[in-house]
Amino acid sequence: MSEIVKARNVSMKFKAVDALTDVSLDVAPGEQVALLGHNGAGKTTLFRILLGFIRPTAGSISIAGFTPGSDGARRIVSYLPEQVAFPKMLTGREVVRFYARLKGAPLDDVQAVLAKVDLVDAADRRVETYSKGMRQRLGLAQALVGRPALLLLDEPTSGLDPLSRQHFYELIAEVARQGGAVLLSSHGLSELEAKTDRVAILRKGQLVADAPLSDLQREANLPIRIRVRAASSEIDSVHAEMGGARINGASVELFCELGDKMRILSRISGLGAKVEDVDVSPPTLDQIYRHFSKVGDDETPRGML
Amino acid sequence: MHGVLTIAATEIRIGLRNRWIILSSLILLAFALILVLLGSAPGGEVKTDAVTVVVASLSTLSVYLVPLIALLLAFDAIAGEIDRGTLQLVLASPVSRGAVLVGKFLGHVTVLGIAVSFGYGIAGLVAFFATGGGDLSALVGVGRLIVTSIILGATFIAIGYIASASVRQTGTAAALAIAIWLFAVVLYDLALLGGLLASQDGVFARDIFPWLLVLNPADAFRLYNMSAIDAAAVGSNLGGGAGAALPLSGLATMLSPIAWAILALGLSTLILKRIRP
Ligand SMILES: Nc1ncnc2c1ncn2[C@@H]1O[C@H](COP(=O)(O)OP(=O)(O)OP(=O)(O)O)[C@@H](O)[C@H]1O
Ligand SMILES: [Mg+2]
């Protein structure tokens with residue numbers, strides 16, 4: 001498979017800051033990759049390098065065989081920056097048409113992408129009247145126009161409500177189905193809603209994970225949480241039997257590995273009528289993300305220093 | 001080429017929508033009409049053509065107003081787009097950075113051109129008919145004033161781009177633009193006058209002053225317009241005295257603003273090429 005993004009051992013140093021250290025990442029046509037990381041992890045820096053705005057201090061990158069920022073690369077790449085404010089006086093349609101012309105895309109595309117992002121009704125209104133989510137969708141329309149072979153989206157879902165977010169991932173999936181490659185950044189796994197093929201996690205400029213979500217789930221091997229609720233008269237004996245921690249006076253909380261789950265559950269069912277309810281929750285996406293990005297481990301939140 | 005025209009057209013559209021064109025036309029028109037009124041008041045001395053008098057005072061007005069309008073139009077061009085994040089989008093597209101700047105330049109010059117043509121055009125016609133018509137050649141003077149004002153404006157638009165591309169904040173770019181205006185159209189002339197007064201032997205007045213005068217695009221613009229309307233008849237100012245000794249004369253004087261415009265465009269393109277958005 002010929003990768004469209006091929007980054008090898010890329011490092012970026014801004015004076016005292018190591019924004020990226022030895023990052024290698026591939027994205028193939030038709031693939032959707034999520035780039036995750038906390039604030040300052042280096043996501044935007046990587047995008048700027050891929051666009052050729054800044055040159056990495058070490059490593060090599062090619063965009064479909066071209067140098068980032070070269071004419072060839074710019075012809076196939078589309079970008080949605082973290083923050084962009086389109087001219088307030090222009091209408092949505094004028095904004096999209098402007099970028100379509102710059103990219104040399106057919107103008108028929110304009111109406112099509114406006115329809116895709118659900119802005120047809122508002123297309124002839126000035127951008128100043130748009131809501132935050134509409135502006136975000138306009139940014140997306142601008143990126144989609146001209147069928148780019150590589151879409152670089154920096155935090156595209158920030159500011160979108162859950163419904164629009166879902167719609168957004170459907171759009172992205174369609175781009176991928178038609179052979180486009182998508183690299184998008186986000187702050188957390190939960191925002192992704194498990195929609196991308198692959199997840200790459202940056203931590204302080206280092207790539208600490210790069211695998212499909214299911215692989216990450218397995219690799220993290222986080223415990224499963226089981227909560228057992230019992231009548232208040234029985235809670236003590238349930239606690240004595242199962243161990244774990246008492247919570248809320250009426251429940252016991254246990255953690256177990258995936259392999260132990262069925263054994264524990266059958267022990268609980270052995271308790272019979274003492275148990276009122278059992279609640280089993282697998283690790284959340286956020287917990288998996290936190291496992292890899294290690295919040296609270298050595299990256300203590302600033303407020304706690 | 002496609003990109004250049006697209007960018008130019010969008011700048012013009014924005015200029016129309018945000019009332020830039022209307023506003024600057026009205027400002028120019030208001031000042032011009034005041035001058036028309038003052039100029040057509042009975043003078044008592046030998047009556048020169050009223051329209052010509054107005055053109056003479058308008059060209060002095062242009063020296064101050066046109067660079068100001070041009071710089072205000074230009075200071076936001078790059079710094080503002082960096083601020084808003086749209087420069088990243090434009091630079092990520094297949095359009096070259098040089099084309100981006102040329103497109104903006106064409107757009108802004110058109111915006112300024114529309115404003116100047118309206119403002120001075122209407123004032124010129126008012127002066128023409130208020131004085132009961134008369135010599136049509138006086139209207140040629142108005143046309144010459146409009147064209148040279150646009151060239152002067154283009155120069156300061158290009159100079160404004162240097163300011164806009166050199167700093168990252170729009171506010172700083174605005175301050176820089178005002179400083180450029182103050183220097184080019186006010187302080188520069190004051191310094192020259194000071195030099196004239198200070199130099200006793202006349203070397204400065206004879207060998208250096210004329211060059212310095214032509215070097216400044218705003219002064220060159222004034223020199224050209226004054227010489228074109230036979231400054232002597234109207235009562236001259238700074239440029240008039242040095243008339244014969246000028247290194248450039250007639251239309252060639254306008255080479256100064258044109259050369260500055262090309263230089264400034266080239267320089268701002270170089271700076272834009274080094275920007276890392
Ligand atoms: N031009 C610059 N000069 C100095 N340091 C920089 C520069 N650009 C980025 N950095 C630093 O590089 C690091 C990575 O920044 P980057 O913007 O890539 O983070 P990010 O992952 O996009 O964060 P966020 O989620 O907040 O957008 C940060 O520590 C930042 O301060
Ligand atoms: Mg960022």
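1. First, the ground rules. This is a predicted model, so to speak, with local features needing pLDDT of at least 70 and side-chain atom pairs counting only at pLDDT 80 or more, while totals for chains, interfaces and linings use all residues. Residues are numbered from 1 along each chain as its sequence is written, chains are lettered from A and ligands numbered from 1 in the order in which they are written, and side-chain values use heavy atoms, with hydrogens and water left out.

2. The magnesium ion (ligand 2) has Thr44(A), through OG1, and Glu82(A), through OE, as its protein donors, at 1.9 to 2.5 Å. Donors here are N, O and S atoms within 2.8 Å of the metal (3.2 Å for Na, K and Ca), and water is not among the atoms, so the site may look incomplete. Thr44(A) sits in helix α1 (residues 43-50) of chain A and Glu82(A) in the loop between β5 (77-80) and α3 (92-103) of chain A, so the pair ties together parts 38 residues apart in sequence. Helices (H or I, at least four residues) and strands (E, at least two) are DSSP runs, numbered from the N terminus.

3. Buried means under 20% relative accessible area, exposed over 50%, and partly exposed in between (1.4 Å probe, protein chains only).

4. Now ligand 1. Its shell has 14 residues, with Gly40(A), Lys43(A), Thr44(A), Thr45(A) and Glu82(A) the closest; a residue qualifies if one of its heavy atoms lies within 4 Å. Helix α1(A) gives the most, with 3 residues.

5. A backbone N or O atom of Gly40(A) comes to 2.7 Å, and a polar side-chain atom of His187(A) lies at 2.7 Å.

6. Finally, Arg74(A), in helix α2 (residues 71-76) of chain A. Arg74(A) is buried, at 12% relative accessible area. Its side chain reaches the backbone oxygen of Gly69(A) at 3.1 Å and that of Val95(B) at 2.8 Å.

Note on methods
A polar contact is a pair of N or O atoms within 3.5 Å; within protein, one must be able to donate a hydrogen and the other to accept it, and residues adjacent in sequence count only if both atoms are side-chain atoms.
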